[in-house]
Amino acid sequence: MHSIGVDIGSAATKCALWDGSGIICCLTPTGWTPKESAEAAVAAIKEKAGIAPDAPGITVTATGYGRNVFPADKRITEISCHAAGARYLVPEAGMVLDIGGQDSKVISLHPDGRVADFIMNDKCAAGTGRFLQNMAVHLGCTLSDFCHIPEGTEMQPINSMCTVFAESEVVGLLAKGVAKESICAGLLDSVAQKAATMISRAGGSGDICFTGGCAQNDMLRALIEEKTGRRVVSHALSQYAGAIGAALIGAK
Ligand code: ADP
């Protein structure tokens, strides 16, 4: 049996295919029309798995902010899907931290993996991937540069809590000649601080599975670990957690 999960996010559409024993994944930028991005992602995952486009008996489960525009067999909330995907990737985690393109969330899990509670920030861009994307534009750098800050770089604290004011602060710092790497480190610290505050509000003490596109940044992961005193674990497939969870739930 095959089950496809498609996570239609603000920045990227992630697709996962579960064949009963393993997972394969693919990603496509969401672009302007989430429905078309999801169709392209589902077609791409079938091609990658060697499944005919019109093969029968495949369940497609949609999640993410664009899930309602896509004609899937099932639609499941991001919270349930991220919890199920994180459980698959990091079975020992008791909490999930998801930092995606336009929101961030902390999900507390019961010992059996069911969702116990969650806190979500979807009102403010600060503390999300969009914050880093906007800042990268002002700094003339890429998201990959945020992942390669040289060890020993002095961190330039960013004081503004709001994305718009932080942009002005960054422009001002560049004008003063502050090194880009130091500003990047300060911006990551600011995102880490917001995540740590959400984690502390949620409470608990176990390991945390870090999901979403921002989980690819190991310095961000380490900063959150330092601020919370808890083990924060990323997985090579962390950005696909929602799609993986959708595929697993769809298979049930
Ligand atoms: P969404 O579901 O909203 O589309 P994702 O979980 O797919 O969000 O994550 C997208 C975000 O991941 C982007 O906004 C970007 O900031 C961040 N991102 C992508 N690649 C990297 C990277 N290499 N390092 C850090 N962050 C990244």
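This is a predicted model: local features need pLDDT of at least 70, side-chain atom pairs count only at pLDDT 80 or more; totals for chains, interfaces and linings use all residues.
Reader: Which residues does the domain assignment give to domain 1 and to domain 2, and what distance separates their centres?

Author: In the assignment for the protein chain, domain 1 is made of two segments, 1-90 + 236-252, while domain 2 covers 93-234. Taken over C-alpha atoms, the centres of domain 1 and domain 2 are separated by 25 Å.

Reader: How many residues does each domain bring to the contact, and what area is buried between them?

Author: Domain 1 supplies 14 residues to the contact and domain 2 supplies 26 residues. Of the area buried between the two domains, carbon and sulfur atoms give 63%, and that buried area comes to about 1,500 Å².

Reader: Which helix gives the most to the side of domain 1 that touches domain 2, and which residues there lose the most area?

Author: By class, this side of domain 1 has seven nonpolar, five polar and two charged residues. Seven residues of the side come from helix 2 (residues 78-89), which gives the most. The residues of domain 1 that lose the most area to domain 2, together 38% of what that side buries, are Ile-79, Arg-87 and Val-90.

Reader: How many salt bridges does the rule find across the interface of domain 1 and domain 2, and how many residue pairs are in polar contact there?

Author: Across this interface the rule finds one salt bridge. For polar contacts, with both residues at pLDDT 80 or more, the number of residue pairs found across the interface is seven.

Reader: What N to O distance goes with the salt bridge of Lys-105 and Glu-78?

Author: A salt bridge requires a Lys or Arg side-chain nitrogen within 4 Å of a carboxyl oxygen of Asp or Glu. The side chains of Lys-105 and Glu-78 meet in such a bridge, with an N to O distance of 3.2 Å.

Reader: Which residue has a side-chain N or O atom 2.5 Å from an oxygen atom of the ligand?

Author: The ligand is surrounded by 19 residues, and the closest include Ser-10, Ala-11 and Lys-14. Backbone N or O atoms lie 2.8 Å from a ligand oxygen atom in Ala-12 and 2.9 Å from one in Gly-213. The side-chain atom at 2.5 Å from a ligand oxygen belongs to Gln-133.

Terms used. Residues are numbered from 1 along each chain as its sequence is written. Side-chain values use heavy atoms; hydrogens and water are left out. Domain bounds come from an automatic or database domain assignment. Contact means heavy atoms within 4.5 Å. Buried area is the accessible area (1.4 Å probe) that two parts lose on being put together, summed over both. A polar contact is a pair of N or O atoms within 3.5 Å; within protein, one must be able to donate a hydrogen and the other to accept it, and residues adjacent in sequence count only if both atoms are side-chain atoms. Helices (H or I, at least four residues) and strands (E, at least two) are DSSP runs, numbered from the N terminus. Ala, Val, Leu, Ile, Met, Phe, Trp, Tyr, Cys and Pro count as nonpolar, Asp, Glu, Lys and Arg as charged, and the others, Gly among them, as polar. A residue is near a molecule or strand if one of its heavy atoms lies within 4 Å of it.
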